[in-house]
Amino acid sequence: LHFCAASLCFYNPASLPGELNLSLTSHKHPTVYRGPDGSYFGYAVDFYQATADSNTISVLVGAPKANTSQPGIVEAGAVYYCPWPGLPESCRQIPFDNSNNRMIKVNGTREPLEFKSHQWFGASVRAHRGEVVACAPLYHWRTVKMSGEKDPVGTCYVAVQNFSAYAEYSPCRTNDPDPEGQGFCQAGFSVDFTKEGKLVVGGPGSFYWQGQVMTAGIAEILNGYSLKAVLRQVSGEKHTRAAEDTHDDSYLGYSVAVGEFTGDSEQGEKCKNSLDLRNLLRTSVAMINSTNMTFIQNFTGEQMASYFGYSVAVTDLNGDETDDVLVGAPLFMERETESKPKEVGRVYLYLQLAPLTFSEPVALTGTYTFGRFGTAIAPLGDVNQDGYNGRSEPFQVKEKGEKKIN
């Protein structure tokens, strides 16, 4: 099973009808899936395989502005299950959450405890060994304050056992509200799995937008889950904490990817993969040790405001059995002359030479002005069977999008 992210959406979902083109065997006869118009169908994509020995692979497609059957909820967002290969209209919504807003009594009056309308569920989707997570980073809830403020804490749902069991995971819905706490966290803005199946969630809005990363096990999320447990601490959860105010507006967790960079070949919590995360204004990508959630290394961009770190990906590109890092900077400007810069986008490749030692970055630059090359990067595995993993770096040209496979 190859890794895949939002990179397989060839069209800009904001401007065109909901449609996804997927071609892995023939560019002349791609599989086309269609979703509801205006739903942003294709905003996030991943492959799904129910079991490791299953011969059936399906496609999961996020549509964060789709309407659902949830009573009283407008544009909650949805994730679609699409059989592959399949017909354009063969996708069906996955019932992660069929309920309306939970309610609470305040001074004898029933008021909403949460607000699921326009929550952008399906903005991020990931699958791993039959387990699926999908998130709604704009989910709001009524804080613990009597004033009943609405904080965009974000939330995620996990699905297991071939979509027969579900549980919610909202790590920022806590007793620490408001911008200075986790109130603007937007958990699920980015999401990934470790190789062992632990969930990694990015929340770029915590602590005055310093950002935050959380990790928890799927089994622990499912164990003892109840809809009534609104404030819930998952056993074994780890997260980065607030730093000095000089780190405000860093957006840590804007994008996440997982890899092994410490040289420890054991599989387990104490020698877990590190996480690569985005730090926007300082144009750097931070590497975090997942054992104690501490920062161990940074990659720094070369151009301010290029959005270095907007996307990150980890894969072994040169076949040396070590993970390499790719970082997208979709607003990178190439200067033919000082007075006429061209915004083309750039992707940086860092080859791992030894534990925590990387090569100087190899730069891949887009060719179309305003193409935003590097907006998303996806490790595809060994697509052409040449012994090396490939990658896909999509970018958009005018109204339609394209992708580049190397």
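This text walks through a predicted protein model, from its overall make-up to single residues.

Because the model is predicted, local features need pLDDT of at least 70 and side-chain atom pairs count only at pLDDT 80 or more, while totals for chains, interfaces and linings use all residues. Residues are numbered from 1 along each chain as its sequence is written, and side-chain values use heavy atoms, with hydrogens and water left out.

Start with the whole chain. Its secondary structure comes to two helices and 34 strands. Helices (H or I, at least four residues) and strands (E, at least two) are DSSP runs, numbered from the N terminus. The protein chain has 406 residues, and buried residues make up 53% of them. Buried means under 20% relative accessible area, exposed means over 50%, and partly exposed lies in between (1.4 Å probe, protein chains only). The chain exposes about 18200 Å². Carbon and sulfur atoms supply 51% of that area. Accessible areas come from the Shrake-Rupley method with a 1.4 Å probe; for residues, only the protein chains shown count as cover. Now take contacts between residues at least 6 apart in sequence: 53% of them join residues at least 24 apart. Contact means heavy atoms within 4.5 Å.

Next, look inside. In soluble globular proteins, nonpolar side chains tend to be buried together. A nonpolar core is a set of buried Ala, Val, Leu, Ile, Met, Phe, Trp, Tyr and Cys residues joined through side-chain atoms within 4.5 Å. The largest such core here has 40 residues. Within it, L60, F96, F163, L199 and I221 touch the most other members. Find L60 and look around it. Leaving out residues up to four places away in sequence, L60 touches residues including V45, Y80, I94, V125 and F163. A second, separate core has 16 residues, among them M287, F299, F332 and V344.

What about T240, buried or exposed? T240 counts as buried, because its relative accessibility is 2%. This residue is placed in the loop between β19 (238-239) and β20 (256-259). Beyond residues up to four places away in sequence, T240 touches F207, G211, Q212, V213, L252, I288 and M293.

Now the strands. Two strands pair if DSSP finds at least two bridges between them. β24 and β25 (residues 324-329) pair over five bridges. There, A313 has L326 in β25 as its bridge partner. Elsewhere, β26 (residues 333-337) and β27 (residues 340-343) pair in the antiparallel sense over four bridges. These two strands form a hairpin, with two residues between them.

Charged side chains come next. The structure holds 13 salt bridges. A salt bridge is a side-chain nitrogen of Lys or Arg within 4 Å of a carboxyl oxygen of Asp or Glu. In the one between D97 and K116, the closest N and O atoms are 2.7 Å apart. Both D97 and K116 are buried. K116 also forms a salt bridge with E114, at 3.7 Å between the closest N and O atoms. E114 is buried too, with a relative accessible area of 1%. Step back, and D97, R102, E114, K116, E168 and R173 are linked in a network of salt bridges.

Another salt bridge joins R346 and E302, with 2.7 Å between the closest N and O atoms. R346 lies in β28 (residues 346-350) and E302 in the loop between β23 (294-300) and β24 (311-315), so the pair ties together parts that are 44 residues apart in sequence. R346 is buried, at 13% relative accessible area, whereas E302 counts as exposed, at 51%.

Finish with the backbone. Most residues other than glycine have a negative phi, and most peptide bonds are trans. Which peptide bond is cis? The bond from W84 to P85 is cis, with omega near -5°. P85 is found in the loop between β5 (78-83) and β6. Phi is positive at E75, near 50°, and at Q186, near 60°. E75 counts as partly exposed, because its relative accessibility is 22%. Q186 counts as buried, at 17%.
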